[in-house]
Amino acid sequence: MSRMSDRSERTSTAALSTEERSEGGRAPTYSIRIRINGAWQEFEVGRDIEASHTLAYLLRERLGLTGLKVACDEGACGACTVLMDGQAILSCTTLAVEADGHEVLTIEGLPEDDPVIEAFAEQCEPGFGTALQCGYCTPGFVMATKGLLNENPHPTLDEVKEALSGNLCRCGCYAAIGQAVLRAADKMDRQGR
Amino acid sequence: MKGGFKPRIVRNFVGTYRPKIDGWEKARGEAEYLDDIALKVRFPGMLYAKVLRSPYAHARIKSLDVSRAEQLPGVHAVLTYQDPEVASLKPTQGGWTPFFTTSYDRMTWPTYKDRRVLSDHVRWVGDEAGVVVAAESEGTAQEALRLVEVEWEVLPFVLDPFEAMKPGAPVIHPEINPNGNVLPPSPFADSEVFLESGDVEKGFAEADVIIEMESDYHHADHACLGTRGCLIHWEGDKLTCYTSYYQADQTRMHITQMLDLPLHKVRVINPYIGGSFGRGNTGEQPFFIFTAILAKRTRRPVLFKHTRREDFHDSRNKIIYHCKMGAKKDGTITAAHFKSIGDAGAYSDHTMAATDYCVRGDFTPGTLAHIPNLKMETYVAYTNKIPGGCKRGIGNNQINLVFGPAVDLLSEELGMDPVELAIKNFGHEWGPVPDESLEAVLHAGARRIGWENRHRPGAGPTYDGFKKRGLGFSFHNSWHALWQEVPRGHIQVSVRVNPDCTVILDAPTAETGTGSNTCNVLSCADALSFLGIGPEEIQWISHTDTERGLKDQVQTDSAIAFVQSEMMPKVGKIVREKVLQLAAAQFERKAEDLDIIDGQVFVKDTEEEKSVKDVLWQADLVPILATVSEPLPEEVTGTPFTATFVEVEVDTETGQVEVLRAVVVHDCGTVMYPPGAEGQQVGGQAMALGETLTEEIVYDETTGVPLNFNFIDYKLMTMLDCPEVDPVLLEVWKGAGEYAACGLGESVTTCTPAAVLNAIYNAVGVRIGTIPVKPEMVLAALGKIPDRVSQEERR
């Protein structure tokens with residue numbers, strides 16, 4: 001493989017992935033604890049997970065919590081949104097170790113009749129369409145909405161748009177999502193949640 | 001529409017506003033997609049496949065050394081184009097079929113078999129090159145590819161279709177055309193002029209006014225949130241494939257035909273799919289084949305799945321149109337000539353379908369049928385860019401981008417309202433002009449946008465010192481009535497009525513978000529409402545599985561909203577007969593002495609009655625089975641119309657265009673599921689406006705490297721960017737069959753780009769023919785900055 005014509009060159013096709021990089025100089029193991037959907041769980045870094053693993057990777061690939069989706073893998077689409085200490089965060093750009101000592105809530109941790117889930121599932125008010133079509137972005141939108149309503153229980157439509165503008169829905173259900181969020185806020189208000 | 005749409009025929013379930021049947025499952029995050037199945041926790045031992053991607057726009061592999069990759073711990077297989085099981089594979093084509101199951105020898109475009117599985121000749125940056133590896137983690141697979149030593153012969157490349165057509169341009173597919181990059185003419189036409197009716201020269205000579213218009217559509221990506229891939233494993237000589245491509249039966253056909261396997265030894269499963277918009281129509285992809293070979297070789301489940309970057313894989317075809325149209329003073333159009341240059345990108349896939357097949361078979365008979373003198377020609381060229389497949393239709397957006405502005409310009413030259421000009425001239429082949437559907441659609445749109453307030457181009461008031469507003473619209477025939485679906489062959493649907501009078505509905509079609517599953521459940525509930533049940537008693541089978549026995553309906557077009565529903569009344573009839581037989585035995589009467597109404601079985605001449613539930617529960621507890629497999633009616637009914645009206649605001653200082661509101665009107669014949677239809681109408685604008693204003697694949701012209709294959713730089717519309725959309729549903733046109741319906745999922749995007757261009761003209765009095773419309777293009781058109789590259793210079 002030493003021949004190189006003038007029109008030839010050698011290339012490397014990819015950089016080391018983060019996963020592989022961590023396998024080089026491995027640090028001594030240590031434990032982290034994360035409260036996931038109400039239950040504290042302990043992980044040994046270097047054995048159960050790598051220090052370079054994202055929270056999304058831990059939740060999906062190791063724990064099978066597949067509600068959240070990894071669609072862009074760089075914090076641009078919001079499909080991986082979960083709550084950490086009640087705030088919406090992007091689990092694809094958060095390292096698992098960053099969640100050490102924190103409370104993480106995924107969509108699996110919401111009650112069956114959660115008013116936000118209900119509002120997304122049942123939206124069919126004329127003129128807006130359904131709040132979901134393919135459904136791939138939906139868990140991210142639901143969790144981003146939970147985060148919004150935790151901070152601002154009575155948002156205006158403009159505030160909803162601002163808060164959810166980091167979530168992409170390629171089916172374009174934005175108008176119906178806006179209605180669903182306002183409806184969920186009303187319902188939570190009535191229930192005193 | 002606000003206040004709700006009013007159906008022509010009131011039914012119990014079809015045509016009603018109610019939640020989507022899979023709403024809860026999806027809102028809870030329980031719906032399973034390929035990614036949620038293809039996990040090591042579910043498939044222990046699963047390997048990850050990664051394919052070598054071309055770093056060059058055009059190159060050949062001169063030699064390869066994979067020995068270091070093979071030695072990397074965790075690597076289980078390295079497959080190259082030189083391996084006999086790969087080298088012996090037939091050449092293939094990315095778009096075997098427009099929408100039905102097709103074998104290798106009956107593929108739609110046999111002239112353009114331009115894809116190889118793991119080729120040594122790569123034709124765009126990111127093209128699958130001749131090596132694929134399977135390893136224990138994605139990272140190890142990626143590292144193995146890094147260790148592959150490749151000696152490349154870098155070839156000259158070409159990005160511009162006009163340059164690609166010139167003599168001396170680098171030849172991209174010598175096996176298809178050894179002398180250049182122009183594809184041989186479509187096998188359906190045998191000539192670049194694929195349609196000629198009347199005498200266009202004579203028609204133009206008769207015209208008092210002749211206009212010319214140009215448009216340039218770009219390779220807009222599908223950008224589905226769920227990326228494409230497949231998980232394949234073997235058990236003995238049987239292959240199972242889970243895939244996010246939406247055509248299970250056609251995928252089975254593809255795999256068996258390429259690997260010479262019998263059909264019963266390949267099982268393909270479609271779980272929920274994270275968006276599609278037509279991308280699966282280039283489903284005959286090499287990756288199914290190399291993943292199958294890797295799984296066979298390693299005896300392990302193998303997952304091949306695109307990263308976000310890799311999923312920029314096909315697109316709406318880039319087509320450049322020139323349109324000439326002539327009319328008499330009274331507005332009678334005498335002739336039209338459309339010429340297109342299709343930029344196929346690196347593979348033919350469906351670009352000829354977009355420029356020829358669908359224009360000839362759909363737009364011409366659907367909209368232009370009454371123009372007496374018509375000429376259509378097309379030239380399709382390969383370039384070293386992303387290929388073009390199908391996206392919410394095939395070629396309809398692109399021809400509308402020239403057609404809508406041409407109608408607008410012609411009406412201006414004639415001093416006529418474009419709404420009037422449209423109604424006077426356009427309609428489908430099987431009906432008169434004026435077309436009732438087109439009239440209804442245009443009048444509804446005009447009323448709701450406030451068309452009567454439209455001012456002369458550029459002559460409206462100024463807002464905030466620099467901003468001008470304008471109105472515009474475009475129209476098109478809708479996409480797919482029942483008769484156009486006849487090539488699908490027999491449509492198969494089955495129900496099982498359980499002993500407790502609940503129902504399992506098997507109407508197989510992948511759920512990509514279109515909501516056809518809800519349409520099927522509603523039509524099934526209507527057909528079985530005599531049992532006294534509703535949609536809540538019907539369980540739809542969410543995964544499509546070729547092993548379940550029924551042929552799936554490919555989600556290639558929105559007619560899936562009703563093609564399977566057309567079988568439901570037939571299913572209902574069989575169920576009724578079987579329930580009556582059971583009841584007859586229990587009443588000791590003849591079946592014809594009995595009747596069923598609202599869940600009660602009656603003996604007609606006595607007072608005796610019994611609930612259907614009791615009849616079923618007292619029988620043998622074996623579910624009633626009703627299966628229908630019948631072709632669709634062939635009655636040709638033409639197609640209805642769609643239109644989009646928009647209001648835009650153009651900032652004349654910055655060149656920024658904002659769409660303030662859109663009215664999207666569809667005549668559907670019958671609206672199967674209004675919230676689903678409105679969801680398409682509203683949601684489609686997020687995609688269509690993105691294609692018109694913000695989405696664009698950017699290449700480094702010196703290297704051919706695409707620069708923005710990610711969701712940060714390929715700008716999809718967000719919730720903040722979308723205008724208010726008024727979705728308007730009409731039932732004016734009538735098709736064949738029980739539901740007399742026409743689809744709308746494709747045509748929700750068709751007219752929007754042209755409507756925006758017309759509205760920009762109305763706002764500021766300058767025409768732009770290229771999308772996406774960028775601020776600098778607006779400023780250049782306004783003469784405020786120099787025009788960087790004029791269209792003429794390029795040619």
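Guide: Before we start, a residue is called buried here if 20 or more other C-beta atoms lie within 10 Å of its own, exposed if 12 or fewer do, and partly exposed in between, with the C-beta atoms placed from the backbone. This is a predicted model, in which local features need pLDDT of at least 70 and side-chain atom pairs count only at pLDDT 80 or more, while totals for chains, interfaces and linings use all residues. Residues are numbered from 1 along each chain as its sequence is written, and chains are lettered from A and ligands numbered from 1 in the order in which they are written.

Visitor: OK, so is A:D85 buried, exposed or partly exposed?

Guide: A:D85 is partly exposed, because 13 other C-beta atoms lie within 10 Å. Its phi is near 50°, which is a positive value in a residue other than glycine, and A:D85 sits in the loop between strand 3 (81-84) and strand 4 (87-90) of chain A. Helices (H or I, at least four residues) and strands (E, at least two) are DSSP runs, numbered from the N terminus.

Visitor: And B:L118, what's phi there?

Guide: Phi of B:L118 is near 55°, again a positive value in a residue other than glycine. B:L118 lies in the loop between helix 4 (84-87) and strand 4 (121-122) of chain B, and it counts as buried because it has 25 C-beta neighbours inside 10 Å.

Visitor: How many residues of chain A are in contact with chain B?

Guide: In chain A, 61 residues are in contact with 77 residues of chain B, where contact means that the C-beta atoms, placed from the backbone, lie within 7 Å. Helix 6 of chain A gives the largest share of the side that touches chain B, namely 5 residues.

Visitor: What about chain A overall, how many helices and strands?

Guide: Chain A has 6 helices and 5 strands, which follow the pattern α-β-β-α-β-β-β-α-α-α-α along the sequence. Of its 193 residues, 52% are buried, and among contacts in chain A between residues at least 6 apart in sequence, 62% join residues at least 24 apart.

Technical notes: Two residues are in contact if their C-beta atoms, placed from the backbone, lie within 7 Å.
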